[in-house]
Amino acid sequence: MPRSPRDWSAAYKKFEAALAKDPQFSAAQNGMGWTLVHLGEHDKAIAQFRQLLKENPSHPGALNGVGQCLLAQGKLDEAEGEFLRGTQSVIDAFGEAEVVKKGATASWLGLVQTYLRSGDLDKADKWIERYLKYKPDDRMMLDLKSRAEQMRSEADEE
């Protein structure tokens, strides 16, 4: 996986070539979107992901990608909507328990992060508990739960 800006620039060129051959190649569309995210080109990434979503409206990678870009831009209401769609699409396809078990939870984590950033601790708690019901030892979600508890404690002190 590319790590430096140079690596992402090389990835960009490869995805660009792949899309020139087949503009509808969904893996290349998604890869290009994520490459643009890593290059900090959030508006271009959103456009790329939205192109993919025209053909596949419930593509989890693209929904998560749009949500991550919107979250990075501080557009929390819009990010919430994309993360909800992404989370619900994988839940509808596989069921909550299987989604958590398989680790197909990027949108779910983004949704919790969005609620924490917006200060909506009740919604964050709801999604955290749903997740932990299936994987109570998940370090990432437990860290988010601790963060929510800390935020709640700080709010109580004010």
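**Entry 1: alanine 93**

I started with alanine 93, which is exposed, with a relative accessible area of 52%. For the cut-offs, I noted that buried means under 20% relative accessible area, exposed means over 50%, and partly exposed is in between (1.4 Å probe, protein chains only). Alanine 93 sits in helix H5. Helices here are DSSP runs (H or I, at least four residues), as strands are (E, at least two), and they are numbered from the N terminus.

I also looked up how far alanine 93 is from glutamate 80. The two are 13 residues apart in sequence and 20 Å apart in space, going C-alpha to C-alpha.

**Entry 2: a note on the model**

This is a predicted model, where local features need pLDDT of at least 70 and side-chain atom pairs count only at pLDDT 80 or more, while totals for chains, interfaces and linings use all residues. Residues are numbered from 1 along each chain as its sequence is written, and side-chain values use heavy atoms, with hydrogens and water left out.

**Entry 3: glutamine 48**

Next I went to helix H3 (residues 42-55), where glutamine 48 lies. Is glutamine 48 buried or exposed? Glutamine 48 is buried, with a relative accessible area of 16%.

I then listed what glutamine 48 touches, not counting residues up to four places away in sequence: Leu19, Gln29, Met32, Gly33 and Leu36. Contact means heavy atoms within 4.5 Å.

**Entry 4: helix H8**

H8 has 12 residues. From its first C-alpha to its last, H8 reaches 16 Å, close to the 16 Å expected at 1.5 Å a residue. The expected span is 1.5 Å times one less than the number of residues in the helix.

Which residues of H8 are buried? They are Leu121, Ala124, Trp127, Ile128, Tyr131 and Leu132. Seen down the axis of H8, these buried residues fall within an arc of 130 degrees, so they line one face of the helix. The arc is taken from the directions from the helix axis to the C-beta atoms.

I checked what covers those buried residues too, and the cover includes helix H5 (76-94), H6, helix H7 (106-118) and H9.

**Entry 5: salt bridges**

How many salt bridges does the structure hold? It holds 12. A salt bridge is a side-chain nitrogen of Lys or Arg within 4 Å of a carboxyl oxygen of Asp or Glu.

- The side chains of lysine 101 and glutamate 98 form a salt bridge at 3.9 Å, N to O. They are 3 residues apart in helix H6 (residues 96-102), so about one helical turn separates them. Lysine 101 is exposed at 66% relative accessible area, and glutamate 98 is partly exposed at 28%.
- Arginine 152 and aspartate 122 meet through their side chains in a salt bridge of 3.6 Å, N to O. This pair links distant parts of the chain, 30 residues apart: arginine 152 is in helix H9 (residues 139-157) and aspartate 122 is in helix H8 (residues 121-132). Arginine 152 is partly exposed, at 31%, while aspartate 122 counts as exposed, at 57%.
- Arginine 139 and aspartate 143 have a side-chain salt bridge of 3.1 Å, N to O. Both lie in helix H9, 4 residues apart, which is about one turn of the helix. Arginine 139 is exposed, with 54% relative accessible area, and aspartate 143 is partly exposed, with 42%.
- Last, the network: salt bridges that share partners join Arg50, Glu82 and Arg85 into one.
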